[in-house]
Amino acid sequence: MFRLTPRGQALDEVVAALGRWASPLMGDPSRSDAVRGHWFILPLRLYLRDRFPTAPPSTIQIEIPDQPIVLRTAGDGTVMAYAGRVAAPELKLTGPPVVVMAVLLGPMSARQAKGRGLHIE
């Protein structure tokens, strides 16, 4: 695990802009493509926003094959994402990484995601 320096953190918006530019070019990975859970932490942190920032902070546990991820609202509109597990999350999502990401970032409904292997607890 590492932490970015303040200088590195200042690049968040640049990285986010590159991701927004490239995302329309990305499709579902093929069976031969490598997909790693930790690759999803940065996009989750950059693109997710708490739509209810005045509500108490909440935690979502994401279980994907090679890397558990925790999402936590901060109470100020931001969402923190990091590798790990928490004892009592308010919500737990388990499934293929691409499906979990699609439901969290919006292009796929929970109903569609359940049909593609997402489990919601």
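**Stop 1: Glu63**

Select Glu63 in this predicted model; the residue is buried, with a relative accessible area of 14%. That value falls below the limit used here, because a residue counts as buried when its relative accessible area is under 20%. Glu63 belongs to strand β1, which covers residues 59-63.

Display the side chain of Glu63 and look for two polar contacts. One is with the side chain of Arg85, at 2.8 Å. Another is with the side chain of Gln61, at 3.5 Å. Now show the surroundings of Glu63, leaving aside its neighbours within four places in sequence: Pro68, Arg85, Lys92, Leu93, Thr94 and Gly95 are in contact with Glu63.

**Stop 2: the sheet**

Switch to a cartoon view and find the sheet to which β1 belongs. It is an open sheet of 5 strands, in the order β3-β2-β1-β4-β5, and its pairing is mixed. Which strands stand at the edges? They are β3 and β5 (residues 119-120); each has a single partner strand, so one side of each is left without a neighbour in the sheet. As background, strands of a sheet pair through backbone hydrogen bonds, either parallel or antiparallel.

Select β1 and β2 together. These strands run antiparallel and are joined by 4 bridges. Thr59 stands opposite Arg72 in β2, and a hairpin of 5 residues joins β1 to β2.

Continue from β2 to β3. This pair is also antiparallel, with 5 bridges between the strands. Select Val70 and find its bridge partner in β3, Tyr82. In the hairpin of β2 and β3, 5 residues lie between the strands, and Gly75 takes a positive phi near 85°.

Strand β4 (residues 91-94) pairs with β5 in the antiparallel sense over 2 bridges. Leu93 has Ile120 in β5 as its bridge partner.

**Stop 3: Thr73 in strand β2**

Return to β2 and colour it by burial. Of its 5 residues, 4 are buried, so the strand is largely enclosed by the rest of the structure. Within β2, select Thr73. Is this residue buried or exposed? Thr73 counts as buried, because its relative accessibility is 12%.

A polar atom of the Thr73 side chain lies 2.7 Å from the backbone nitrogen of Ser58. Beyond its neighbours within four places in sequence, Thr73 is in contact with Asp50, Pro56, Pro57, Ser58, Thr78 and Met80.

**Stop 4: the largest nonpolar core**

Select Leu44, Ile62, Ile69, Leu71, Leu104 and Leu118. Of the 20 residues in the largest nonpolar core, these touch the most other members. The elements that give two or more residues to this core are α3 (41-47), β2 (69-73), β3 (79-83) and α4 (97-105). Which element gives the most to this core? It is α4, with 6 residues.

Centre the view on Leu44. Leaving aside its neighbours within four places in sequence, Leu44 is in contact with Ile62, Ile69, Leu71, Ala81, Met101 and Leu104.

**Stop 5: helix α4**

Select α4 itself. This helix is mostly covered, with 7 of its 9 residues buried. The buried residues are Pro97, Val99, Val100, Met101, Ala102, Val103 and Leu104. They pack against α3, β1, β2, β4 and α5. After α4 comes Gly106, whose phi is positive, near 110°.

**Stop 6: the largest pocket**

Which residues are the closest to its centre? Of the 25 lining residues, they are Ser23, Met26, Phe40, Met101 and Leu105. The elements that give two or more residues to the lining are α2 (12-22), α3 and α4.

**Stop 7: Gly117**

Finish at Gly117, in the loop between α5 (110-115) and β5. Gly117 counts as partly exposed, because its relative accessibility is 28%. Leaving aside its neighbours within four places in sequence, Gly117 is in contact with Thr94, Gly95 and Pro96.

Terms used. Residues numbered from 1 in each chain as written. Predicted model: local features only at pLDDT ≥ 70, side-chain atom pairs only at ≥ 80, totals over all residues. Heavy atoms only, no water. Buried < 20%, exposed > 50% of the residue type's maximum accessible area, 1.4 Å probe, protein only. Polar contact = N/O pair within 3.5 Å; in protein donor to acceptor, adjacent residues only side chain to side chain. Contact = heavy atoms within 4.5 Å. Core = buried A, V, L, I, M, F, W, Y, C linked by side-chain atoms within 4.5 Å. Pairing = 2+ DSSP bridges. 1 Å grid on protein atoms, 1.4 Å probe; cavity = no way out; pocket = protein on both sides within 12 Å on 5 of 7 lines; lining within 4 Å.
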